[in-house]
Amino acid sequence: MSEDSDQEKTEEPTEKRLRESREKGEVPRSRDLSGALVVLAGVSALMNSGQSGLRHVQRIFELGLGYSRDALFSDALPGRTLHAAIYEALLLFGPVAIATMLATLAAPLLLGGLNFSAEALQPKFERLDPIKGFGKIFALRGLVELGKALLKLLFIGLVLALLLRHWQGELQATGRGSVTAGIAQSIGLMGRAALWFGSILALIGAIDALYQKYDHAKNLRMTKQEIRDEMKESEGNPEMKGRIRQVQQAQSRRRMMEELPKADVVVVNPTHFAVALRYDDGRMGAPRVIAKGIDVLAGQIRLVAAGHRIPTVESPPLARALYATTELGREIPASLYVAVAQVLAYVYQLKQAVAQGESPPAAPRPEVDPDLMGPYRDA
């Protein structure tokens, strides 16, 4: 039962999954919404041109139908007429082209945002496979798209048919007046029809945009196993990380043991903790911890210290405080200066007594603030 539930795509996509989807060019898009915005922008720009647009249309007709006698016998007539017609057409359709271009850019911003994907531009020859192409046509998704297209065609055709029936009188009136009035009235009717068409398409596009956004999010959902695999991939395999940590600890321990013979003293407690200190007044501002350990590692430090005849001082509070407050290779905190100074002074006195054959001095009992021992206060 748990394996089945892991295979169900019930989890929201991760940031990595969303980023990879965008890199592949997989973002929600609605062709209906894009088409509706383009139609509405183009028709609105064309209708807003008003009388100026009508003058450009008249000028184009005049260029094609009206010539003087001298112009007819001129070799420059075709080129001059063509240039003038192109100029008038640009003035007429320039605002329309700009409006439709802006609408084309605005459509993606409303749904998914602008996205450039080099991967989506790469040729995929499997798309040329006719067998797979027919399979997509008759697949469930293809049938759904076909059904949507038929419904849109039926709905738009029905609305436009009703509009034509409602405007029947206006359509018949276009041929009763002057040519100019007829053209103006025809353009107005076509503009209104186009606005109705664009509005209907916009309504369909809004519904389709919501569906495309939902469908895209649904397709990006992940199974619990996919999320676990992605976490392992991004964060690393826990077993491998543990192995790396063990190797790092082993290397650190080996370096620590190599530095241990340079220690001046080892403070112990008496079996659980061991901290090795070194002090060089010419290069160090304070004594430095060059080795430390608890339990088994503490025993190894004591053995190495004994083998190199490094003095060992038993001071449980100080050993626990040094272990808790000072990282390996760092200088001791100022709060332990006095206690460590007593231990080092004892070590120097001990070495001097042994060299002169005198009796050893009494071992120090440095006082340490219990708060410095941290979690090892009762160890």
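Contact in these legends means heavy atoms within 4.5 Å. The model is a predicted one, in which local features need pLDDT of at least 70, side-chain atom pairs count only at pLDDT 80 or more, and totals for chains, interfaces and linings use all residues. Residues are numbered from 1 along each chain as its sequence is written, and side-chain values use heavy atoms, with hydrogens and water left out.

**Figure 1. Surroundings of L277.** Leaving aside neighbours within four places in sequence, L277 is in contact with A263, D264, V265, V267, R288, V289, L322, I332 and V340. L277 also belongs to the largest nonpolar core, where L277, L318, L322, I332, L336 and V340 are the residues with the most contacts inside the core. A nonpolar core is a set of buried Ala, Val, Leu, Ile, Met, Phe, Trp, Tyr and Cys residues joined through side-chain atoms within 4.5 Å. Buried denotes under 20% relative accessible area, exposed over 50%, and partly exposed the range in between (1.4 Å probe, protein chains only).

Figure 2. The largest nonpolar core comprises 25 residues. At least two of its residues come from each of β1 (265-268), β2 (273-278), α15 (316-325) and α16 (337-356). Helix α16 gives the most to this core, namely 7 residues. Another core, of 15 residues, lies apart from it and includes A263, A276, L297 and I310. Helices (H or I, at least four residues) and strands (E, at least two) are DSSP runs, numbered from the N terminus. In soluble globular proteins, nonpolar side chains tend to be buried together.

**Figure 3. Helix α15 and its cover.** The buried residues of α15 are L318, A319, R320, A321, L322 and Y323. Among the elements that cover these buried residues are β1, β2, β3 and α16.

**Figure 4. The salt bridge between E331 and R288.** A salt bridge is a side-chain nitrogen of Lys or Arg within 4 Å of a carboxyl oxygen of Asp or Glu. E331 and R288 form such a pair, with their closest N and O atoms 3.7 Å apart. Because E331 lies in the loop between α15 and α16 and R288 in strand β3 (residues 288-294), the pair ties together parts that are 43 residues apart in sequence. E331 is partly exposed, with a relative accessible area of 34%; R288 is likewise partly exposed, at 28%.

**Figure 5. Two further salt bridges.** The structure holds 3 salt bridges. One of them joins the side chains of E259 and K262 at 3.5 Å, N to O. E259 counts as partly exposed at 33% relative accessibility, and K262 counts as partly exposed at 43%. Another links D280 with R283, the closest N and O atoms being 3.2 Å apart. D280 is partly exposed, with a relative accessible area of 23%, whereas R283 counts as exposed at 62% relative accessibility.

**Figure 6. Two residues with positive phi.** D295 has a positive phi of about 55 degrees although it is not a glycine. This residue, D295, lies in the loop between β3 and α14 (296-307) and counts as partly exposed at 44% relative accessibility. R309, also not a glycine, has a positive phi of about 55 degrees. The loop between α14 and β4 (312-314) contains R309, which is exposed, with a relative accessible area of 79%.

**Figure 7. E26 and H216.** E26 is found in the loop between α2 (15-23) and α3 (31-48) and counts as partly exposed at 40% relative accessibility. Its contacts, leaving aside neighbours within four places in sequence, are with S21 and H216. Although E26 and H216 are 190 residues apart along the chain, their C-alpha atoms are separated by 8.3 Å.

Figure 8. I98, M101, L102 and L105 make a nonpolar surface patch of about 400 Å². Patches are made of residues with over 30% relative accessible area and no salt bridge; like charges are joined within 9 Å, and nonpolar side chains (Val, Leu, Ile, Met, Phe, Trp, Tyr) within 5 Å. Accessible areas come from the Shrake-Rupley method with a 1.4 Å probe, and for residues only the protein chains shown count as cover. L105 is found in helix α6 (residues 77-110) and is partly exposed, with a relative accessible area of 46%.
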